[in-house]
Amino acid sequence: MTATAALVVDIVDLPHRIGATKDVCVEAGAPAGLGTAVIGVPEGSSLVVDARLTSLEDGVLARGRADVHVHGECVRCLRDLDEERTVTFDELYYLPEAARAAEDGEDVDDVLLVGEDSLDLEPALRDALVPALPFRPLCRPDCAGLCPECGRRVDNLPADHRHDHPDPRWSALAALLPDRDGSDDPADADGEEQA
Ligand SMILES: [Zn+2]
Ligand SMILES: [Zn+2]
């Protein structure tokens, strides 16, 4: 059994009667891919999902919440970011025949389907979590990042931290660069990271 199957819940005992409910609680190791390239739920970290499944005419409504651990890195200063998050989801899983009927009318690429006798909560969780994650995670909105000259965290440096005497390696490098019209602007030091 793969980790991906961890969030599959049994619905054999969920009656097909509209409005019938079943409460489920799943504790599992997080499946891979719950996040983006820069931030997300580490695979295998512990995950708790509580959901209420409700039978509807066209399928099953899964409504619930998950407590997850999110890990990432500040894009400016590379500090580790770790937080506990609660994600709420509210997702309709179609019965296969209802999805087929809907397909006649419109484009339904991304509908979630009820399995034969189970339902996988992972896509509901992923759909709720991933758009809520920051595109460019920051340790704080005004993170000053790293000193462009020495690479140390600006937060850890005194306010008057400067490099009056450029590293000799830089002057050696500068000598190799084409003439910059004689101006001696300090290197652009606004701390912004290029995308
Ligand atoms: Zn930072
Ligand atoms: Zn510095």
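## Helix H2 and its surroundings

The buried residues of helix H2 pack against S4, S5, S6, strand S7 (112-113) and strand S8 (118-120), in what is a predicted model. Those buried in H2 are Glu-122, Ala-124, Leu-125 and Leu-129. Viewed down the axis of H2, these buried residues fall within an arc of 165°, so they line one face of the helix.

## Overall architecture

The secondary structure of the chain consists of three helices and eight strands, and the order of these elements from the N terminus on is β-β-β-β-β-β-α-β-β-α-α. Of the 195 residues in the chain, 30% are buried. The accessible surface of the chain comes to about 12500 Å², and carbon and sulfur atoms account for 50% of that surface.

## The nonpolar core

The largest nonpolar core contains 34 residues, and Val-49, Leu-53 and Leu-121 are the ones with the most contacts inside it. At least two residues of this core come from each of strand S2 (21-29), S4, S5, S6 and H2, and S5 gives the most, with five residues.

Which residues does Leu-53 touch, not counting residues up to four places away in sequence? Its partners are Val-9, Ile-11, Leu-14, Ala-20, Thr-21, Lys-22, Val-24, Val-60, Leu-61, Ala-62, Leu-119 and Leu-121. Thr-54, found in strand S4 (residues 46-55), is buried, with a relative accessible area of 16%. Leaving aside neighbours within four places in sequence, Thr-54 is in contact with Gly-19, Ala-20, Thr-21, Gly-59, Val-60 and Leu-61.

## The four-cysteine zinc site

The zinc ion (ligand 1) is coordinated by the SG atoms of Cys-74, Cys-77, Cys-139 and Cys-143, at 2.3 Å. The angles among the four donor atoms run from 102 to 116°, and the site of the zinc ion (ligand 1) is tetrahedral. Along the sequence, the donor residues of this ion follow the spacing C-x2-C-x61-C-x3-C. Within this set, Cys-77 in the loop between strand S5 (59-73) and strand S6 (80-94) and Cys-139 in the loop between H2 and H3 link distant parts of the chain, being 62 residues apart.

The two members of that pair can also be described by their accessibility. Cys-77 is buried, with a relative accessible area of 2%, whereas Cys-139 is partly exposed, with a relative accessible area of 26%.

The zinc ion (ligand 2) is coordinated by Cys-147 (SG), Cys-150 (SG), His-161 (NE2) and His-163 (NE2), at 2.0 to 2.2 Å. Why is the arrangement of the four donor atoms around the zinc ion (ligand 2) tetrahedral? The four donor atoms subtend angles of 97 to 118°, which makes the arrangement tetrahedral. For four tetrahedral donors, the ideal angles at a metal are 109.5 degrees.

The donors of the zinc ion (ligand 2) follow the spacing C-x2-C-x10-H-x1-H along the chain. Cys-150 and His-163 both lie in the loop between helix H2 (122-129) and helix H3 (168-176), so the pair ties together parts that are 13 residues apart in sequence. Cys-150 counts as partly exposed, at 31% relative accessibility, and His-163 is partly exposed as well, with a relative accessible area of 28%.

Arg-85 is found in strand S6 and is partly exposed, with a relative accessible area of 21%. Not counting residues up to four places away in sequence, Arg-85 touches Ala-66, Asp-67, Val-68, Val-70, Ala-132, Leu-133 and Pro-134.

Leu-78 is found in the loop between S5 and S6, and the phi of Leu-78 is near 65°, a positive value in a residue other than glycine. Most residues other than glycine have a negative phi. At 46% relative accessibility, Leu-78 counts as partly exposed.

Definitions and conventions
Residues are numbered from 1 along each chain as its sequence is written. Chains are lettered from A and ligands numbered from 1 in the order in which they are written. This is a predicted model: local features need pLDDT of at least 70, side-chain atom pairs count only at pLDDT 80 or more; totals for chains, interfaces and linings use all residues. Side-chain values use heavy atoms; hydrogens and water are left out. Donors are N, O and S atoms within 2.8 Å of the metal (3.2 Å for Na, K and Ca); water is not among the atoms, so sites may look incomplete. Four donors count as tetrahedral if all angles lie between 85 and 135 degrees; four count as square planar and six as octahedral if opposite donors are over 155 degrees apart and all others between 65 and 115; anything else is irregular. Helices (H or I, at least four residues) and strands (E, at least two) are DSSP runs, numbered from the N terminus. Buried means under 20% relative accessible area, exposed over 50%, partly exposed in between (1.4 Å probe, protein chains only). Contact means heavy atoms within 4.5 Å. The arc is that of the directions from the helix axis to the C-beta atoms. Accessible areas come from the Shrake-Rupley method with a 1.4 Å probe; for residues, only the protein chains shown count as cover. A nonpolar core is a set of buried Ala, Val, Leu, Ile, Met, Phe, Trp, Tyr and Cys residues joined through side-chain atoms within 4.5 Å.
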